[in-house]
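Trainee: I have a new model on my screen. Where do I begin reading?

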Amino acid sequence: MRQEYLKMENAEAKLANFYEKLVLIAKKTGKTPEDSVLLAGAMMACAKMIYYEHLSPQEAKDLETHNSYDILDLIKPTIH
């Protein structure tokens with residue numbers, strides 16, 4: 001499995017592949033809406049940990065801020 005990722009040179013292709021695998025995990029794991037929300041929170045916490053482990057503190061903070069805006073844009077239409 002890991003060799004498959006090493007062969008991918010395009011970051012966009014890697015990202016799409018990782019995303020698809022996470023969606024599959026979410027679909028197979030979340031038995032209830034609450035499970036799905038908890039899983040999403042765990043994924044976000046894991047992402048934050050990885051950012052700060054592999055990037056400079058400023059890069060990690062910038063990426064986290066950017067991703068937060070993406071989430072707000074995604075859910076904003078559903079907030080009434």
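Mentor: We will go from the overall chain to single residues. Keep in mind that this is a predicted model.

Trainee: How many helices and strands are there in the chain?

Mentor: Start any model by listing its elements in order. Here there are 4 helices and 0 strands. From the N terminus on, the order reads α-α-α-α.

Trainee: What share of the 80 residues is buried?

Mentor: Buried means under 20% relative accessible area. In this chain of 80 residues, 6% are buried. Look at the surface as well.

Trainee: Which element gives the most to the lining of the largest pocket?

Mentor: That is H3, with 9 residues. The lining has 24 residues in total. Nearest the centre of the pocket lie Met44, Ala47, Tyr51, Asn67 and Ile71.

Trainee: How many residues of each class are in that lining?

Mentor: Sort them by side chain. The lining has 17 nonpolar, 3 polar and 4 charged residues.

Trainee: Now charges. How many salt bridges does a search of the whole structure find?

Mentor: For a salt bridge, look for a side-chain nitrogen of Lys or Arg within 4 Å of a carboxyl oxygen of Asp or Glu. The search finds 1. Lys48 pairs with Glu64, and their closest N and O atoms are 3.6 Å apart. The two partners come from distant parts of the chain: Lys48 sits in helix H3 and Glu64 in helix H4, 16 residues apart.

Trainee: Let me try a single residue. Where is Ala60 found, and is Ala60 buried or exposed?

Mentor: Ala60 is in helix H4. Its relative accessibility is 0%, so Ala60 counts as buried. Then check its partners beyond four places in sequence. Ala60 is in contact with Tyr51, Tyr52 and Leu55. Ala60 and Ala47 are 13 residues apart along the chain, and their C-alpha atoms are separated by 9.9 Å.

Trainee: Leu55 was in that list. Where is Leu55 found?

Mentor: Leu55 is in the loop between H3 and H4. Leu55 counts as partly exposed because its relative accessibility is 32%. With neighbours within four places in sequence set aside, Leu55 is in contact with Ala60 and Leu63.

Trainee: One last case. With which residues is Leu39 in contact, leaving aside its neighbours within four places in sequence?

Mentor: Leu39 is in helix H3. Its contacts of that kind are Ile25, Ala26 and Thr29. Take Ala26 as an example. Leu39 and Ala26 are 13 residues apart in sequence, and their C-alpha atoms are 7.1 Å apart in space.

Methods: Residues numbered from 1 in each chain as written. Predicted model: local features only at pLDDT ≥ 70, side-chain atom pairs only at ≥ 80, totals over all residues. Heavy atoms only, no water. 1 Å grid on protein atoms, 1.4 Å probe; cavity = no way out; pocket = protein on both sides within 12 Å on 5 of 7 lines; lining within 4 Å. Helix = DSSP H or I, 4+ residues; strand = E, 2+ residues; numbered from the N terminus. Nonpolar A, V, L, I, M, F, W, Y, C, P; charged D, E, K, R; others polar. Buried < 20%, exposed > 50% of the residue type's maximum accessible area, 1.4 Å probe, protein only. Contact = heavy atoms within 4.5 Å.
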